[in-house]
Structure formats: structure tokens, C-alpha cells
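Work through the exercises below with the structure open beside the text. Try each task before reading its solution.

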Amino acid sequence: MRILVIEDDLDAANYVIKALREAGHVADHAPDGLEGYALAREGGYDVLVVDRMLPKLDGLSVIRSLREQKVETPVLILSALGQVDDRVKGLRAGGDDYLAKPYAFSELLARVEALARRRVGSAGEATVYRVADLELDRLSHNVTRAGEEITLQPREFRLLEYLMRNAGQVVTRTMLLENVWDYHFDPQTNVIDVHVSRLRSKIDKGHATALIHTVRGAGYMVRDSAR
């Protein structure tokens, strides 16, 4: 998932972002309400994590403004204000969930993932990708080929998920860096080649039909070469 954390407390933001990335997600940070609003308006995020008390534009105003602009990205509000009236105000402003500080990261992650599942279900987006006999379940994180379970590291799962989401299309190194690694630098780096090689060894080794293909000079593609 791509998650935007709008939080002015840098220590808190760094903690959440680091933990989200370790859980296998792409996480961006905005230190104030105006920057957060601008990033969120651009779209592309699965969930927004918004602190209620923000400089320049408070969290509830950010959410109201996004909803007025028809941005429907699910929002988890974080706040030190945990009374019933505070939660009601947050939800009525357009928030989808409300988590009072202090909180355990495990709960924050569970709530973020629940919001993402809800969005996937309502938007009708596929939760299971299939290419030939390869199957990836986005919700359970299960991957199988020919019925046999394959164990992937979080980065490998995200890489395969992105390739399968774009099955039959060339995915460039720049696209992978931005959507799987959240990097913006020289696409000639070999970090992608190393991970694709490892992924191939798990997905294609021992099978007559290769599914992960290199498109020389362009990037990579997942497709059923038997067709």
C-alpha cells in the first residue's frame, strides 16, 4: 500500500513511517497540513494517516477540504483528543477511523489495513491477481504457483504484486523504483535486477513456463509465455 502520514511531530512521524515500511508498505511524510493536503490531492494513496493538530492547516480542515474536492481516500485520524465528542467531530469531518494517542503501532497498522480492505472492496478492485498458474492474494499475502505456496519477503511481495497488477504490460525500472521502493534516483541502479533475480528463482524455477520476463532496454513484464 501507499500511505501518506501527515504529522508535524517528526519523531512520531519517523517511527510510524519506519514501521510501515518494515511492514512492506510505501510511506510518505508531510510535516504540515498544507503540504499534506497538496500531496493527498494528487492521489495515488491507499490510506491517509492524519494528525488532528497540524500547523498551517489543521487535520480536520485538511480532511474537509479533500472531501470537498471529491478525494475519497480513506483517512485514519490520530489525536491526543480521545473523548467521544472529539471522535464524533473527526468522523463528521470526513474521517473514516479515529485512533487516540498514545497508541500501539500494531493497532494503527491493523486499522490502516482494514481501511484499505474496505476501499478495495467498495471500489471493485481485484483482491486476487492470477497469471497462468500463479496466484497472489493481496489481503492474505498468500502467493501460490501450481497450488504450491511460495514464501516471499515483503519487498518481493510488493514487487510481484506490482508486476501482476500490470500483467502483460512493460514495467520500467523507474516505475518500480517509484511504486515499490519509493525511490527517486538513477534507474540504472541494480537493486531492481537483484530483487527480480531473487523473485524469478522463487516463481519460475522448476516450472516449464517462465512468467517473469525481461524486456531488453525497457524493463520487466509478467505474462503467460505459453499463450
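The model is predicted, so local features need pLDDT of at least 70 and side-chain atom pairs pLDDT 80 or more, while totals for chains, interfaces and linings use all residues. Residues are numbered from 1 along each chain as its sequence is written, and side-chain values use heavy atoms, with hydrogens and water left out.

**Exercise 1.** Find the order of the open sheet of 4 strands and state which strands stand at its edges.

Solution. Helices (H or I, at least four residues) and strands (E, at least two) are DSSP runs, numbered from the N terminus. Two strands pair if DSSP finds at least two bridges between them. The order is S6-S7-S8-S9, and the pairing is antiparallel. Strand S6 (128-131) and strand S9 (148-149) each have a single partner strand, so one side of each lacks a neighbour in the sheet. Helix H6 (residues 154-165) packs on this sheet and touches S6, strand S7 (134-137) and S8 (contact: heavy atoms within 4.5 Å). Between S8 (residues 143-145) and S9 there are 2 bridges; Thr-144 has Glu-149 as its bridge partner in S9.

**Exercise 2.** Describe the open sheet of 3 strands and the helix that packs on it.

Solution. The strands lie in the order S10-S12-S11 with antiparallel pairing. At the edges are S10 (171-172) and S11 (212-215), each pairing on one side only. S10 is joined to S12 (residues 219-222) by 2 bridges, and Val-171 has Tyr-220 as its bridge partner in S12. Helix H8 (residues 191-203) packs on the sheet and touches S11 and S12; its direction makes about 145° with that of S11. Such angles run from 0 to 180 degrees between N-to-C directions, with axes fitted to C-alpha atoms, for helices over the stretch in contact.

**Exercise 3.** How do H7 and H8 lie relative to each other, and which residues make the contact?

Solution. The axes of H7 (residues 173-181) and H8 come within 10 Å and cross at roughly 80°. The two helices are therefore roughly perpendicular (65 to 115 degrees). H7 contributes Arg-173, Leu-176, Leu-177 and Trp-181, and H8 contributes Val-191, Ile-192, Asp-193 and His-195.

Definitions and conventions
Angles under 35 degrees count as roughly parallel, over 145 as roughly antiparallel, 65 to 115 as roughly perpendicular and the rest as oblique.
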